[in-house]
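Here's a quick briefing for anyone meeting this structure for the first time. Have a look at the model below, then read on.

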Amino acid sequence: MASEHVRYLTEKTFGAEVLETPGPVLVDFWASWCGPCRMLGPIIDELAGETDASVCKLDVDAEGALAAQYGVMSIPTVIVFRDGEEAARFVGVQSKEIYLNALK
């Protein structure tokens, strides 16, 4: 079950939720059929409850144009944006600590 702290992005909400948000925003590019994405899900949910940063998910099947715009070639890909600019990128499942450090 997804955390109530995780925001689900669409093309319409991406600008306001990510690009126009001051500070760090973590975006998990994922798909429901992706096994590693399902493994990462609980980590993302935990992060959302443990950080003041915005934590978001973007379904690459529903929002393929956005995934392509950011060069997401494999999933899961997690991009940390800071003040609207890409600050860090992780491909594959990483530890929660790695994501937390990127949000500092």
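Setting aside neighbours within four places in sequence, threonine 51 is in contact with Leu100 and Leu103. Keep in mind that this is a predicted model. The notes below start with that threonine and then move on to the cysteines.

**Threonine 51**
- You'll find threonine 51 in the loop that runs between helix 2 (35-50) and strand 3 (54-59).
- Threonine 51 has a relative accessible area of 19%, and with buried meaning under 20%, this residue counts as buried.
- A polar atom of the threonine 51 side chain sits 3.1 Å from the backbone nitrogen of alanine 53.

**The disulfide**
- A disulfide is a covalent bond between the sulfur atoms of two cysteines.
- The count here comes to one disulfide, and the partners are cysteine 34 and cysteine 37, with an S to S distance of 2.4 Å.
- That distance passes because the cut-off for a pair of cysteine sulfur atoms is within 2.5 Å.
- Which hand does the disulfide have? The torsion about the S-S bond of cysteine 34 and cysteine 37 is about 80°, so the disulfide is right-handed.
- Both ends are tucked away: cysteine 34 is buried at 4% relative accessible area, and cysteine 37 is buried at 2%.

Notes
Residues numbered from 1 in each chain as written. Predicted model: local features only at pLDDT ≥ 70, side-chain atom pairs only at ≥ 80, totals over all residues. Heavy atoms only, no water. Buried < 20%, exposed > 50% of the residue type's maximum accessible area, 1.4 Å probe, protein only. Helix = DSSP H or I, 4+ residues; strand = E, 2+ residues; numbered from the N terminus. Polar contact = N/O pair within 3.5 Å; in protein donor to acceptor, adjacent residues only side chain to side chain. Contact = heavy atoms within 4.5 Å.
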